[in-house]
Amino acid sequence: MAVLPSPAIELITGLEPIAGAGLAINVAYLALDRFRYRRRIEPVAEEKCVLNDEQDAFEGFHDLDPVKELKWLARRVSSKDYVPRGRAAAAYRYGFRKHQDIFFAGSAASMCAFTVATGVALSVGRWEWAHFLTISPFPGVLFYACLASMIIPVGVVLAGRRCANWGRERIEHCTNQVAISLGNLAKQAQPPVGVERREPLPPAPRPAGSRPLTAEEASRLAAELAQRRREHRDS
Amino acid sequence: MDLESYRDKIRLAARERAGAPIYNGSPDHAAIIVEELFLSANSHVRLLSGDLNARVYGAPGVVRRAREFLSHSNHDLRILLERETYSPSHPLIEEMAGQRNVKIAVMPQSIRDALKYHFMTADEDCFRFEPEKELHVAVAAFGDRPTTGNLNEIFETIWDLSEQRPVAAFAE
């Protein structure tokens with residue numbers, strides 16, 4: 001077993017604190033539900049996408065932008081067919097929509113774990129194949145990789161929160177837009193085909209010689225009626 | 001959105017009466033809106049339905065609100081149905097059995113075949129409208145007079161062409 005000179009090993013074992021911290025942060029990111037940002041958007045959007053593609057609330061329903069956006073958020077359509085505009089949409093698309101964040105955190109955690117394990121292995125005279133890591137530029141590469149593994153999850157968490165808020169706002173907005181479209185349908189609804197709409201009833205004709213009540217007469221009449229009601233109730 | 005948040009949203013809309021359309025995508029949400037329509041109505045409730053989906057119209061909250069609405073003698077509920085294919089033990093039907101201010105009519109086959117939508121209105125300014133009767137997607141609004149007026153006119157048109165049935169016959 002070849003034992004390396006200690007300064008060379010120390011280059012790797014010296015990375016243990018930063019690699020350990022990177023490992024802890026990324027494992028926490030992977031393990032905790034609070035960091036599953038896609039789950040805060042996708043099921044909510046799915047709940048609103050109550051129609052299948054075959055079901056039309058009305059002609060052209062599925063071509064409405066809010067409907068397409070809801071479907072995109074629910075991952076019913078791919079980014080080839082529709083992509084919402086804006087930075088938050090791009091961040092969600094490239095950072096979270098296909099679990100890219102989980103892939104990154106998994107890779108970073110693996111790399112940090114490997115760095116820790118290699119440091120220990122080399123210091124106890126194992127893993128001879130890993131000796132190349134003690135030669136420049138690998139210790140430097142590992143250092144910056146571990147540093148990035150520690151820092152980037154913080155940025156991912158901040159971006160994830162913003163994306164989750166953006167997603168909720170977009171779902172609310174799209175739902176309201178769909179409601180407006182449906183409301184217009186209600187406004188324009190017609191009786192079923194073949195049924196003539198009934199003429200609106202004309203106002204009841206006023207008896208000959210009568211005139212509208214003045215405000216004073218109306219209030220006197222209302223007071224009189226209220227008095228009669230009270231009397232009737234008391235009796 | 002959970003049911004309680006949705007209920008709060010509907011209550012707020014009913015109180016504000018601003019006429020803003022509210023999306024409705026599930027039977028549970030539909031039941032909340034129907035409850036609120038009964039609560040908001042001061043005199044008339046018109047209901048055009050297939051066969052009174054028990055998940056919506058049989059929900060305990062809806063039945064309770066309907067009972068409260070019907071307890072005023074000057075309130076009136078008219079129900080226009082496509083079919084009579086529901087259970088006699090339907091909670092809302094049972095509730096209405098002894099009420100005088102309820103009228104039920106069944107529309108003719110020709111209208112049923114041509115009818116695409118269902119709706120419910122409360123007085124002259126609140127409604128819930130399902131554009132496709134086979135789906136649960138709907139929109140509701142509180143304080144929208146023009147749309148409610150249109151739906152009420154359609155209701156009256158179909159009502160005139162439909163056959164009224166005694167309420168007691170439905171509960172047997």
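Biologist: In strand 5 of chain B, which residue is the bridge partner of L48(B)?

Modeller: F119(B) is the bridge partner of L48(B). Strands here are DSSP runs of E, at least two residues, and helices are runs of H or I, at least four residues, numbered from the N terminus. This is a predicted model, where local features need pLDDT of at least 70, side-chain atom pairs count only at pLDDT 80 or more, and totals for chains, interfaces and linings use all residues. Residues are numbered from 1 along each chain as its sequence is written, while chains are lettered from A and ligands numbered from 1 in the order in which they are written.

Biologist: How many bridges join strand 2 to strand 5 of chain B?

Modeller: In general, strands of a sheet pair through backbone hydrogen bonds, either parallel or antiparallel. Two strands pair if DSSP finds at least two bridges between them. Strand 2 (residues 44-49) and strand 5 (residues 118-122) of chain B run antiparallel, joined by four bridges.

Biologist: What is the strand order of the sheet in chain B?

Modeller: The open sheet has eight strands in the order 1-7-6-5-2-3-4-8, with mixed pairing. Strand 1 (22-24) and strand 8 (163-165) of chain B are the edge strands, each pairing on one side only.

Biologist: And the two chains: how many residues does each give to the contact?

Modeller: Residues are in contact if their C-beta atoms, placed from the backbone, lie within 7 Å. Chain A gives 26 residues and chain B gives 29 residues. Helix 7 of chain A supplies the largest share of chain A's side, ten residues.
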